[in-house]
Amino acid sequence: MDPFTHNRDLRNLMLRETFVRTVESYEEIDSTNTRALAIVGDVSVEHPCLIIADRQTAGRGRGANRWWSSEGSLTFSLLLSHDIRGLPLARWPELSLTVGTAVCETVRTFLPAGDVRLKWPNDVFLNNRKTCGVLVEVPPAPQGTIVIGIGLNVNNSLQRAPEELRQTAIAMCDVADQPLSPDRVLVSLLNELERQMKLLQKAPDQVRETWRKFDLLLGRNVTVGHEHGAITGTAQGIDDDGALLIQTQAGLRNVYGGVVQSFD
Ligand code: BTN
C-alpha cells in the first residue's frame, strides 16, 4: 500500500468532491505543515496537495506556539501553487484572512445558531472560544507556493477538558451536541476555501465584506505583539489589504503581522 495513504476512502472522497489533486493521509506525522514544506519543490506532486493526519506529534502554531490536538480534530495542510492562488506576493495578508473567512463560513453552515467570529488574522472563535487555528507559511522557493495549515476542533469535545482549557477552547461538536462528520466538514471547507480564493481575485470586496462581518476584535482594546515590540489601542476594523487598524495614543496604525496577545 502507498505509504502516504492511511485512509484510502478519504483520499478518494477528496479527489472526487474537492479541488485537491493529490492527497497524502497519515495516521501519525510530526506536522502536516512540515511535510508540505518538505515536498514543496517536488514536481511530481500535483497541486493543490492535501496532507492530512489523524495525529500530529509536533504540530506547530503561529509564533513559537505548539498546536496540541486530540482525537477527532481535523489537522491538515494544503500546498498550493501560483495557478490556483494567482495573487501577487503583496496580497498574502489578504489570503491569510481569506482562509479564516472560509473557515468561519463553513463552521456557520454546520452550526447556524453558533456565534462564529474571525480573530485577526485567522483564528476562528465559536461562542467566544477558539475552535480553529491557521498557520500560513510561505516557502522561500519555488516562488508562488504557499502552505496553509488548519487545525479545526470538530469532534474533539472539550467538555471533559480541564476548566482552564474549557474557558478558551471549544469543538464544533460541543455546540452541535452530537458528533459531526469530519469528512463532510473537510469537503465543505475545501470547497468554501476554493470559492473564497477565487472571489479574492475576481471580486475582493465581497471577501472583505465577509471578513468584516465576522470581525471579533472590532471596537475592542487589543495588544498585538510583533518583532519590534507591542502595539496597544482600540481595534478599528480590518483594512482592504488585510491590515488590522489600531487607534493608538500616537495615531492610527496599520498592523500587517503579529500575534494578538490580549483583547477585552
Ligand atoms: C495557531 O493557532 O497558532 C495555528 C495553529 C495551526 C495548526 C495546524 S494543524 C495542521 C497544520 N500543521 C501544523 O503543524 N500546524 C497546522
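In the predicted model, Glu-209 is exposed, with a relative accessible area of 60%. Glu-209 belongs to helix H8. Its C-alpha atom is separated by 9.3 Å from that of Asp-240, a residue 31 positions away along the chain.

Helix H8, which spans residues 204–214, packs with helix H4, residues 92–110. The axes of the two helices are 9 Å apart and form an angle of about 65°. The crossing of H4 and H8 is left-handed. On the H4 side, the contact is made by Glu-94, Leu-97, Thr-98, Thr-101, Cys-104, Glu-105 and Arg-108. The residues contributed by H8 are Val-207, Arg-208, Thr-210, Trp-211, Lys-213 and Phe-214.

Cys-104, one of the H4 residues in this contact, counts as buried because its relative accessibility is 0%. The count of disulfides in the model comes to 0. For Cys-104, the nearest cysteine sulfur is that of Cys-132, at 8.4 Å, whereas the cut-off for a disulfide is 2.5 Å; Cys-104 is therefore in no disulfide. Cys-49 is likewise in no disulfide, and the nearest cysteine sulfur to that of Cys-49 also belongs to Cys-132, 19 Å away. With a relative accessibility of 0%, Cys-49 counts as buried.

Aromatic contacts were also examined. A search of the whole structure finds 1 aromatic pair, formed by Phe-125 and Phe-263. The ring centres of Phe-125 and Phe-263 are 6.1 Å apart and the ring planes stand at 75°, so the arrangement is edge-to-face. Phe-125 lies in strand E5, residues 123–126, and Phe-263 lies in strand E12, residues 259–263. The pair therefore ties together parts of the chain that are 138 residues apart in sequence. The two partners fall into separate accessibility classes: Phe-125 counts as buried, at 9% relative accessibility, while Phe-263 counts as partly exposed, at 29%.

A further contact involving a ring places Arg-66 over the face of Trp-68. The distance to the ring centre of Trp-68 is 4.8 Å.

Notes:
Residues are numbered from 1 along each chain as its sequence is written. This is a predicted model: local features need pLDDT of at least 70, side-chain atom pairs count only at pLDDT 80 or more; totals for chains, interfaces and linings use all residues. Side-chain values use heavy atoms; hydrogens and water are left out. Buried means under 20% relative accessible area, exposed over 50%, partly exposed in between (1.4 Å probe, protein chains only). Rings of Phe, Tyr and Trp (its six-membered ring) pair if their centres lie within 6.5 Å; planes under 30 degrees apart count as stacked, over 60 as edge-to-face and the rest as tilted. Helices (H or I, at least four residues) and strands (E, at least two) are DSSP runs, numbered from the N terminus. A charge sits over a ring if NZ of Lys or CZ of Arg is within 6 Å of the ring centre and within 35 degrees of the ring normal. Axes are lines fitted to C-alpha atoms, for helices over the stretch in contact, and angles run from 0 to 180 degrees between N-to-C directions. A crossing is left-handed if the near helix is turned anticlockwise from the far one by less than a right angle, and right-handed if clockwise. Contact means heavy atoms within 4.5 Å.
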